[in-house]
Amino acid sequence: NLVSELKSPSFDPNRDYTIPCQSGFTGLAYNTDLTGGDLSSLEALFDPKFKGQVGVLEGYIDTVGLIMLYEGKDPATASLDEMLASTETLAKLVSDGQIRSVYCNDYLDALINGDLAVALAWSGDIFANAEDNPNLKFVFPDEGQMIWTDNMLIPKGAANKANAEKWMDFY
């Protein structure tokens with residue numbers, strides 16, 4: 001019952017050793033109180049009116065992948081040189097002060113309290129907080145989004161392999 005994107009990851013093509021436990025998207029989140037309206041493009045990350053109010057994720061694949069999409073590159077097939085060029089784009093955004101900070105999970109607090117107008121975000125975080133914070137929005141940018149998945153596995157030599165298998169079967 002898996003979507004095709006999750007059926008055959010490169011690290012376990014037949015899903016012999018892993019199962020996905022959750023999946024979601026990385027896209028664009030914003031606070032409409034600070035943006036003055038809706039956004040739809042990753043161009044917002046570069047917009048001077050949001051200088052110092054932009055956040056990106058420390059998840060390198062998520063952040064650089066979205067910058068690559070903005071630059072017209074396909075993260076799934078890009079060369080190392082293309083990826084490094086997008087990394088340089090990110091470094092320039094940080095050094096120029098366009099990006100306020102590189103965040104882990106704390107980007108959500110910064111969006112909610114108004115430190116950030118725009119951020120790269122994980123879909124579930126924004127949807128889980130939407131009812132209490134109706135000014136927060138999440139969109140799949142015009143340029144595309146990243147899909148991610150967290151996986152379960154049982155390490156070789158695990159002491160409680162049978163219990164882990166039961167948990168994974170239950171889940």
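Guide: A nonpolar core is a set of buried Ala, Val, Leu, Ile, Met, Phe, Trp, Tyr and Cys residues joined through side-chain atoms within 4.5 Å, where buried means under 20% relative accessible area, exposed over 50%, and partly exposed in between, with a 1.4 Å probe and protein chains only. This is a predicted model, in which local features need pLDDT of at least 70 and side-chain atom pairs count only at pLDDT 80 or more, while totals for chains, interfaces and linings use all residues. Residues are numbered from 1 along each chain as its sequence is written, and side-chain values use heavy atoms, with hydrogens and water left out.

Visitor: Which residues of the largest nonpolar core touch the most other members?

Guide: They are Tyr 107, Leu 111, Val 118 and Ile 126, in a core of 38 residues. If contact is taken as heavy atoms within 4.5 Å, and residues up to four places away in sequence are not counted, the partners of Leu 111 include Ala 29, Tyr 30, Val 118, Ile 126 and Leu 136.

Visitor: How many helices and strands are there in the chain?

Guide: Helices (H or I, at least four residues) and strands (E, at least two) are DSSP runs, numbered from the N terminus. The chain has seven helices and six strands, and along the sequence they follow the pattern α-β-α-β-α-α-β-α-β-α-β-β-α.

Visitor: How many residues of helix α3 are buried?

Guide: An α-helix has 3.6 residues a turn, so residues three or four places apart point the same way. In helix α3 (residues 60-70), eight of the 11 residues are buried, and the helix is mostly covered. The buried residues run from Asp 62, Thr 63, Val 64 and Gly 65 to Leu 66, Ile 67, Met 68 and Leu 69, and what covers them includes β1 (18-31), β2, α4 (80-95), β4 and β6 (146-153). Just after α3, Gly 72 takes a positive phi of about 80°.

Visitor: How many aromatic pairs are there?

Guide: Rings of Phe, Tyr and Trp (its six-membered ring) pair if their centres lie within 6.5 Å, and planes under 30 degrees apart count as stacked, over 60 as edge-to-face and the rest as tilted. The count by this rule is seven aromatic pairs. Tyr 107 and Trp 122 form an edge-to-face pair, with 5.7 Å centre to centre and 70° between the planes; this pair links distant parts of the chain, since Tyr 107 lies in helix α5 (residues 107-113) and Trp 122 in strand β4, 15 residues apart. Both Tyr 107 and Trp 122 are buried.

Visitor: Why does Trp 167 count as partly exposed?

Guide: Trp 167 counts as partly exposed because its relative accessibility is 47%.
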